[in-house]
Amino acid sequence: MSDHKVLLDVRGLKMHFPIRTGFFSKAKNFIYAVDGVDFQVRKGETLGLVGESGCGKSTTARAIAQLYKPTAGEVYLDKLDLTKASGQELLAARKNMQMVFQDPYASLNPRMTAGDIIAEPIRIFKKSGLMEASKDEIDDRVEQLMEKVGLSRFFKNRYPHEFSGGQRQRIGIARALALNPELILCDEPVSALDVSIQSQILNLFKDLQDEFGLTYLFIAHDLSVIKYVSTRVAVMYLGLIVEIADAKDLYKKPLHPYTEALLSAAPIPDPKIEAKRQRIILTGDVPSPDKQRPGCNFYDRCPKHMDICKRARPSLKEAEPRHQVSCFLYHKPE
Amino acid sequence: MSDEVILQVKDLKTYFTVDEGVVKAVDGVSFDLRRGETLGIVGESGSGKSVTNLSVINLIPTPPGKIAGGQVLFHGKDIFAMSSGEIREIRGNKISMIFQDPMTSLNPFLRISTQMVETIVLHQGLSSEEAKKKAIEMLKLAGIPAPEKRIDQYPHQFSGGMRQRVMIAMALSCNPEILIADEPTSALDVTIQAQILELMQELTHRLGTAVILITHSLGVVAGMCDTICVMYAGRIVERGRTEAIFETPRHPYTMGLIRSVPRLDQEAKGRLYSIPGQPPNVIDLPDCCPFYPRCEKAMDICKKKYPPVVSFDNDQSASCWLYTKEARNV
């Protein structure tokens, strides 16, 4: 995988949201949702982004897609810096980058038929002169996409409420595929689904990747789902990436104390293993991202914290080959 | 866990009448709960897990809902035959509940103290000062720091995990014999889920409370429960001791469910197993096995009649034609 070209390059991405107390007042405080994130996604791989709610996973994906205007940093998609791109350039770039959202109930327009929802990206590109397609071509394409994601083409004229959650997620996936993108940003695409449906959708993601050579940025909070889909995994905590490594290394040998705790907290569906497991139970809750800390963000909950962690911020550095971690246990402060 | 059965559910049927027909949300569910036992009810959305447990404490909204048949015996007394006064004595006192979303089950306008003291005064006949002392003690047990101060705060001043701790403290404040926990950790993050599950396990063991734990997560039942019931389309399709269910699942649905979860402790290889199709709509279900359209092992008879319950050694049982004489004769 390492010889493949870098498709997405995120550098120093920051997304701060102002907290306004009154309509005209100037923002004094910020939510530091994403506070300096760097990573690369290579063509054909799946980078899993995992973390608890409020850690900034979804904000990262949305800031990459320019649904939010990032506070700072650059996002390169195939050499083009999206943060500085013009409206027209950005539209053209979106052909290569599509999103699948978490809630299949909220992300489909209830007044459009399944066929129209899937055709919409093509129609938008046709209208803005970036693509040529006749009405018949669009129809064919929609039918072909529906069969690809496992929906019968006879459902084309049905409305979203006539579909189950899993089928709706298939419509969302077909829509994301409509423009033949290279990169798909998947924001918790299976967390709203039942177990038996979840495995169907995960398999669909894998099959589509094999067939079209897709690249995924796959966000989930479920560690076992991330393990199943990812080639590499990045763990986020409070707006920062704390560890990033090949999936098998990260699960076999987690380095950051937070990753260790996350892995030990996730239940395993086997009573024999559960009975023997030693859990690292973290104390307290994830703190609010409303202030920037001088030290490590994980300091308050870390079972292995040292004096230095309170004063200085660790940075993401290689501790082992292809295994980066942001923790003073592995490298001395500068 | 002792052998004394404190709750018996016998052939419970709860139906809802809607415009499209009759929804048989729960259609003939039976199980026993022993003192101190932790029973897990697993199933996917719409399988009838929550309705079963709302029926147990007679909280089904009527209409549209209706208890169409069956009995729920608490210490041998039928809950459906009790007066509303008698049920109120039991509900929240002998049998208490925790729901999935702690924000919607706490009253946002009232301080935690008001809500907790009310329950304790009502059920235990303590004075309000004594009740407040007891409430503080329970909050402390539930791991809430500085309970003397926190008790006078409002629910929005607590985080999600802390609210669930308050709910647990509240539910256990009357020393109930049974705690019904309906997806208590599904809204919480993994690290907080681990905290809350550990807390529930520790407190209920200490107080000797029996627990009915409703969840869709196989991982959670594996770590928490003594026995498991697997529900599908309003019925229990398999039951048994937790180890037995995971080691030798008998019903094809249980087998499929266990195989379709990606595992943290195993290498990801190839495709995940997946059960084809969708769970059925429970409106006007035909009288056959509701799982047969998705079942790998479906036979002719599965389309015709609902399978009987087949018992195996070690207390396991499953509703499936595979293990009956009819199947062997085919």
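The entries below take the sheet and then the cavities.

I note that this is a predicted model, in which local features need pLDDT of at least 70, side-chain atom pairs count only at pLDDT 80 or more, and totals for chains, interfaces and linings use all residues. Residues are numbered from 1 along each chain as its sequence is written, chains are lettered from A and ligands numbered from 1 in the order in which they are written, and side-chain values use heavy atoms, without hydrogens and water.

**Sheet.** I found an open, antiparallel sheet of four strands in chain A, ordered β2-β1-β4-β5; strands are DSSP runs of E with at least two residues, numbered from the N terminus, and two of them pair if DSSP finds at least two bridges between them. Because β2 (29-42) and β5 (80-81) of chain A stand at the edges with a single partner strand each, one side of each has no neighbour in the sheet. I then followed β1 (residues 6-19) of chain A, which is joined to β2(A) by eleven antiparallel bridges, and there Leu8(A) has Val41(A) in β2(A) as its bridge partner.

**Cavities.** I counted five cavities of 30 Å³ or more, a cavity being a set of points on a 1 Å grid over the protein atoms alone where a 1.4 Å probe fits but cannot get out. The largest cavity holds about 100 Å³ of space, a volume being the space filled by probe spheres set on the points, which are joined across faces, edges and corners. The second largest cavity holds about 80 Å³.

Methods: 1 Å grid on protein atoms, 1.4 Å probe; cavity = no way out; pocket = protein on both sides within 12 Å on 5 of 7 lines; lining within 4 Å.
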